[in-house]
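Dear colleague,

I am passing on the structure below, and after it you will find an account of what came out of the analysis.

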Amino acid sequence: MNEMVLKIQGMSCGHCVMAVNKALGKVPGVTHVAVDLPAGKAVVQGGASAEALLKAVTQAGYQAEVQG
């Protein structure tokens, strides 16, 4: 199982957290998502590609990048 940390831009409330969590959770291969509003990041576990995760966040209306 892989773990990836995404920096998410544009989140400002609990609804944003739920939207990002839902979008990432629908990506095939994702087994767990933890979105942290104050830190502006999401930790994603599973076998999904970075490209698929970033696309899901973008389609939900937010910006994301993989953190090293």
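Among contacts in the chain (heavy atoms within 4.5 Å) between residues at least 6 apart in sequence, 60% join residues at least 24 apart. Please bear in mind that this is a predicted model, in which local features need pLDDT of at least 70 and side-chain atom pairs count only at pLDDT 80 or more, while totals for chains, interfaces and linings use all residues. Residues are numbered from 1 along each chain as its sequence is written, and side-chain values use heavy atoms, with hydrogens and water left out.

The chain has two helices and four strands, taken as DSSP runs (H or I of at least four residues for helices, E of at least two for strands, numbered from the N terminus), and along the sequence they follow the pattern β-α-β-β-α-β.

Of the 68 residues, 32% count as buried, that is, under 20% relative accessible area with a 1.4 Å probe, protein chains only. Leaving aside neighbours within four places in sequence, Ile-8 is in contact with residues including Val-20, Ala-42, Val-57 and Tyr-62.

The C-alpha atoms fill a box of roughly 30 × 20 × 15 Å along the principal axes.

Best regards

Note on methods. Buried means under 20% relative accessible area, exposed over 50%, partly exposed in between (1.4 Å probe, protein chains only).
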